[in-house]
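Hi everyone, thanks for making the time. I'd like to walk you through a few local details, so please have the model up on your screens.

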2 protein chains.
Amino acid sequence: MYDRVALIGLGLIASSIFWAMKRGALAGEVTGYARSSETRDTARRIGLCDRVCDSIAEAVDGADLIVLCVPVGAMGDVAGEMGPHLAPGAMVTDVGSVKRAVIDAVAPHLPEGVHFVPGHPLAGTEHSGPESGFAELFDNRWCLLVPVEGSDVDAVAQLRAFWEGLGANVEEMDPDHHDLVVAVTSHAPHLIAYTMVGVADDLRRVTDSEVIKFSAGGFRDFTRIAASDPTMWRDVFLNNKDATLEILGRFTEELFALQRAIRRGDGDHLHAYFTRTRAIRRGIIEAGQDTDAPDFGRGAKR
Amino acid sequence: MYDRVALIGLGLIASSIFWAMKRGALAGEVTGYARSSETRDTARRIGLCDRVCDSIAEAVDGADLIVLCVPVGAMGDVAGEMGPHLAPGAMVTDVGSVKRAVIDAVAPHLPEGVHFVPGHPLAGTEHSGPESGFAELFDNRWCLLVPVEGSDVDAVAQLRAFWEGLGANVEEMDPDHHDLVVAVTSHAPHLIAYTMVGVADDLRRVTDSEVIKFSAGGFRDFTRIAASDPTMWRDVFLNNKDATLEILGRFTEELFALQRAIRRGDGDHLHAYFTRTRAIRRGIIEAGQDTDAPDFGRGAKR
């Protein structure tokens, strides 16, 4: 589908793209680059990429698809470094969790004649690094493409077919709307999970070992979320500041209302609220984004 | 282990206890009672309990172990109804998520010579009702026993052996400390998940279908938590008010600090916080309460 693909950054997403490309025979040669020499060594050892390069310039040389898989805060620097080495007609895309900030950081560095179609696969695990990827990560998950104004229709279509080849369902979205949707469905929930795990850790009367031993219920799912890559998430929050803060503001407002209902003993309010949230869960199961299995996050054990 | 066991309330926990008792041959006859005739009919149809009774009095008659499996808010009424029918030497326990309030509600109704050892299995799924139980629910999970002052040592030991027979690991705890530990590990996380799901539902610019379609990340795990039984959770919050409100207060404080770090662009603060929460996750995996599989709550699909 592409003759030469360059993966810049070799973490969970890049390594999963690589194995999914191999599974689907979607690319000729795949080059890879990571800033850390340790990561490059690991990639060479495990056969991640056909050729691991020691510079961005070498990795993108002659590539017709370049996928930026670095944290959002590093996109601008990477784009600046590779810009002069891009071939006319090449497609640049990325996998960042924020789109407006990535467009602002990357677009100015790209020469005329290079296509730029930002993307965001809604898939991940709490693991990170070159050894964490697997070919099935994107299967039946969404990949949102966010074409900038004036994007070449054929180039967009080709990138869409590429993601479908990786196993994903593809939808196009406007960058600002994208950033709001993911603030609701991903960014705010992650910050909340991080916060709750931090609270538990601070509370000295409940020992760490108790928190850990007795975390069968909701807390265990929070720690799973809160174990995600710190650098990636720092950059997400700094680069999707407005939407995340807006959602957190609404969240705090609702939380205060529920706290007040608890304080006042208003059981009807609580029951009505909890009944409503149940319906959303059913919607997700019907939309095929999860299963109805009663595993509560421990499916792998049963 | 017990000749006659009575299960009062026939939801997820009671039905799982029943199937686990049968698996381990832990009881002679098992009777059951549920307030709703529909639930009793379902229980009879699926063979849940050896004998389903139409009154509490009939269910507890001659029982040497009575397990109260109703929502925390219903424990007092149930205890009042069964009290006059209990045989001397019988053991009464419960599975409620709150312990101080259950002790205050139940103990006054129990006649002299009846043992009372409250309990709380830290296990569950987001499903409820008599058909949701399964024998493996308690395997390798914790059950906390909260013996009241002056509990008979042999009776406590027998109940402990019973729970171990159901598959659980057992630990004893003081009631107030129990209520604080679960406020941290379960009650506050559940309220937060409910809140976040409610926020998403309120936000009109992001359509319901978008929230549902694009919930691959953290939000999906929240909806799973927030799909739990509304009546059970209403009663939990109303009956563990002080500890839950204290933890939520701390949570709000921490969340405000992180919000301020985002607003100010303080990436170091965010990175340090996220790195710390990662360590807690590792502790949980090492404690054997979860697996390291990268399923992010969708294990059943892979």
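This is a predicted model: local features need pLDDT of at least 70, side-chain atom pairs count only at pLDDT 80 or more; totals for chains, interfaces and linings use all residues.

Residues are numbered from 1 along each chain as its sequence is written, with chains lettered from A and ligands numbered from 1 in the order in which they are written. Helices (H or I, at least four residues) and strands (E, at least two) are DSSP runs, numbered from the N terminus.

Okay, the helices. Helix H11 of chain A, residues 241-264, packs against helix H7 of chain B, residues 175-202, at an angle of about 125 degrees, and their axes are 9 Å apart. The axes are lines fitted to C-alpha atoms over the stretch in contact, and angles run from 0 to 180 degrees between N-to-C directions. That makes H11(A) and H7(B) oblique to each other; angles under 35 degrees count as roughly parallel, over 145 as roughly antiparallel, 65 to 115 as roughly perpendicular and the rest as oblique.

Which residues of H11(A) and H7(B) meet? From H11(A) you have A:Ile247, A:Arg250, A:Phe251, A:Glu254, A:Leu255 and A:Leu258, and across from them in H7(B) sit B:Leu191, B:Thr195, B:Met196, B:Gly198 and B:Val199. Contact here is C-beta atoms, placed from the backbone, within 7 Å.

Now over to the sheet in chain B. It's an open one with three strands in the order S7-S8-S9, and the pairing is mixed. Two strands pair if DSSP finds at least two bridges between them. S7 and S9 (169-172) are at the edges with a single partner strand each, so one side of each has no neighbour in the sheet. S8(B) and S9(B) pair in the parallel sense, over four bridges, and B:Leu144 stands opposite B:Glu171 in S9(B).

Last bit, the backbone. Most residues other than glycine have a negative phi. A:Ala25 has a positive one, near 50 degrees, and lies in the loop between helix H1 (12-24) and strand S2 (27-33) of chain A. Buried or exposed? A:Ala25 counts as exposed, because it has 9 C-beta neighbours inside 10 Å. The cut-offs are 20 or more other C-beta atoms within 10 Å for buried, 12 or fewer for exposed, and in between for partly exposed.

B:Asn140 also has a positive phi, about 60 degrees. You'll find B:Asn140 in the loop between strand S7 (119-121) and strand S8 (142-145) of chain B, and with 14 C-beta neighbours inside 10 Å it counts as partly exposed.

Methods:
Two residues are in contact if their C-beta atoms, placed from the backbone, lie within 7 Å.
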